[in-house]
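Let's take a walk through this structure together, starting from the inside. Keep the 3D view open as you read.

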Amino acid sequence: MALADNWYTFIRFNGGEAGARDMFEKVMEELLRAENPGKEVHLVKASQGDGGIDVYVHQENGIDVYQCKFFMGSMNSSRWTQVKKSFNRVIEFFNSDEARGVKMLSWYLCMPREMQKEDIPEWEEFCKDRESNKIPISCIDGNEIIQRMKKCDRLDNSSFISRYFAVPESVREGLKNIPKCLTAIPMVNLDVGLIGREEILEKILTLLEGRKRLALVSGLGGIGKTAVMQWVCNDIKEKGNYVAWIDCGSSLKEDLLLLGDAFGIHDEEPDTAYKKILSAVKTQLDGALYLFMDNLARRPDDDELKDLNSLNAHIMVTSRQKNTAFPNVDLEVLAPEEALTMFFKYYNGDTDRRYERAARDIVTSVGSHTLLVELLAKAAAKAGGTLEDFAKDLEEKGVFDVFKRKLPAAHERNENRTIEDCVMKLYEISGLSKEQKRIMKLFSIFTPEKEIYWKAAEWAGLDLDAVDELVERAWIGRNGLENNYTIHQIIKDSLTRQLKNSGEVLRIEEEYNNLLEEVINTDSYMPRHLEYTKVRERLILAEDIADHLAERTAGMLTTGTIPEQEEGLLVKTSALY
């Protein structure tokens with residue numbers, strides 16, 4: 001058993017950051033139980049009403065509270081805000097009648113990242129500002145957690161390290177010890193929940209367990225197909241099944257190559273790797289695979305359908321178009337009352353329904369379209385003031401005039417144009433900063449499949465606080481591993497159309513090339529002191545950037561020629577790996 005007791009191994013063998021986050025809380029519960037024999041230790045189910053408590057240990061005079069934050073990478077302002085909100089929630093809970101007199105004795109922040117020297121001032125200020133609560137505050141970082149696990153292993157043979165941080169030889173040898181999550185699995189939004197889709201969820205689950213074990217969810221762009229599939233996927237995952245999530249690209253072969261990591265299939269010629277992965281799915285899993293394929297843009301050809309059928313897997317697909325190869329489930333827009341509930345969930349957690357009439361007018365104006373409702377609700381929350389003021393402002397700026405066009409039915413030829421017009425009107429009046437608009441333009445020019453480039457956001461000097469605020473406002477999304485961002489296809493198409501019309505595409509592409517130049521600068525990108533996992537991570541990134549540039553130089557869409565700068569970048573990145 002080759003040990004690699006670091007949190008990157010932990011992430012990999014728990015299906016990415018989303019799975020690792022769930023497992024981190026369970027690991028902390030198990031560790032605290034091992035350290036506190038004879039005492040009650042409980043994991044509190046995650047929900048908006050958990051009072052800011054993830055795990056607690058019962059003591060004689062009260063309880064110790066442990067707040068688990070699966071933070072890797074830097075602690076930016078958004079993360080400190082999350083920590084502060086969690087502490088405030090737990091204080092409010094214990095000061096309320098709901099606590100029934102139970103006292104909190106101490107509060108612990110648990111996270112896998114190690115404290116850095118730049119964190120010290122913020123942490124000290126955090127503790128000092130809360131001295132009036134008279135609650136001892138401590139931080140348990142990733143290094144301390146691992147050391148405490150090792151101590152438990154020595155004292156009572158708990159096997160924490162071998163179970164959670166070992167890379168099994170059997171994985172590399174292609175045996176059956178395969179992680180249940182074969183890829184990173186997207187998180188569901190617990191704060192908002194699955195509104196108005198409960199019947200659809202049950203119908204999909206029935207199809208997946210039926211004779212064909214196939215389900216296609218189709219519907220208008222931005223209507224919530226991916227969100228529904230995320231809930232189905234997480235429901236299946238919680239039952240202990242093998243699951244894999246794929247964001248569909250140009251071919252099934254490229255998509256399924258993403259499963260290679262789970263089976264230890266690396267660095268092989270694509271056709272060979274593809275055949276090995278098909279074989280591994282059929283022979284090395286001790287249960288059926290549930291395969292989730294998001295945003296399929298075309299009908300699979302006969303060979304691809306044959307390969308899919310050979311997997312003997314349960315397969316769910318989302319697409320804007322119906323597909324005769326799969327049993328189809330149509331996803332319609334939300335009912336008005338459901339859309340109103342969603343609006344208030346995003347606006348204020350549905351804690352206050354004053355100005356409901358204004359909210360109803362806003363929701364009705366966009367035909368209860370899910371993405372537009374979310375963008376409007378979050379814009380209203382950022383705007384301050386009342387919803388009546390916000391609705392009046394929208395009307396004065398002509399936003400409602402755009403929204404009042406009849407939204408098309410799903411599968412209509414020009415179904416997305418009206419929605420794109422609505423998105424662009426919102427974008428124009430959104431009040432985004434110059435830096436945020438620059439980031440949005442960069443994201444819109446390049447395809448969502450190239451998510452890994454945005455792991456380089458911090459290295460390239462992008463303003464991560466600006467990126468985080470864009471995530472909070474739903475203009476971009478965070479998906480999978482740390483600093484891995486996506487942009488909704490509707491938003492991407494809207495911005496790309498505007499950029500092409502304004503002739504900005506070439507300038508943005510040049511700026512992107514400059515960004516890549518910064519990323520792969522030898523001194524900052526590959527300093528000698530980096531630990532192995534970071535070096536490997538960045539080598540993979542360099543390889544992907546080189547592949548991307550090679551694809552672009554094969555046929556430049558906008559210029560028809562290969563810029564001299566890109567030729568230099570291609571040589572540089574190729575030399576890095």
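In this predicted model, the largest nonpolar core brings together 76 residues. Those with the most contacts inside it are Ile204, Val232, Phe292, Phe343, Met440 and Trp475. Helix α16, spanning residues 370-383, gives the most to this core, supplying eight residues. There is also a second, separate core of 31 residues, and Leu216, Leu291, Ala313 and Val317 are among them.

Setting aside its neighbours within four places in sequence, Ile204 is in contact with Ala215, Val217, Val228, Val232, Met316 and Val329.

Now turn to a pair of helices. Two packed helices are described by the angle between their axes and the distance between the axes. For helix α8 (residues 198-208) and helix α9 (residues 225-238), the angle is about 55° and the axes are 10 Å apart. The crossing of α8 past α9 is right-handed. On the α8 side, Ile200, Leu201, Ile204, Leu205 and Leu208 take part, meeting Val228, Trp231, Val232, Asp235 and Ile236 of α9.

Finally, what about the cysteines? How many disulfides does the structure hold? The count is zero. Take Cys181, which is in no disulfide: the nearest cysteine sulfur belongs to Cys233 and is 7.4 Å away. Cys233, likewise in no disulfide, has the sulfur of Cys181 as its nearest, 7.4 Å away. Are these residues buried or exposed? Cys181 counts as buried because its relative accessibility is 9%, and Cys233 is buried too, with a relative accessible area of 0%.

Definitions and conventions. Residues are numbered from 1 along each chain as its sequence is written. This is a predicted model: local features need pLDDT of at least 70, side-chain atom pairs count only at pLDDT 80 or more; totals for chains, interfaces and linings use all residues. Side-chain values use heavy atoms; hydrogens and water are left out. A nonpolar core is a set of buried Ala, Val, Leu, Ile, Met, Phe, Trp, Tyr and Cys residues joined through side-chain atoms within 4.5 Å. Buried means under 20% relative accessible area, exposed over 50%, partly exposed in between (1.4 Å probe, protein chains only). Helices (H or I, at least four residues) and strands (E, at least two) are DSSP runs, numbered from the N terminus. Contact means heavy atoms within 4.5 Å. A disulfide is a pair of cysteine sulfur atoms within 2.5 Å. Axes are lines fitted to C-alpha atoms, for helices over the stretch in contact, and angles run from 0 to 180 degrees between N-to-C directions. A crossing is left-handed if the near helix is turned anticlockwise from the far one by less than a right angle, and right-handed if clockwise.
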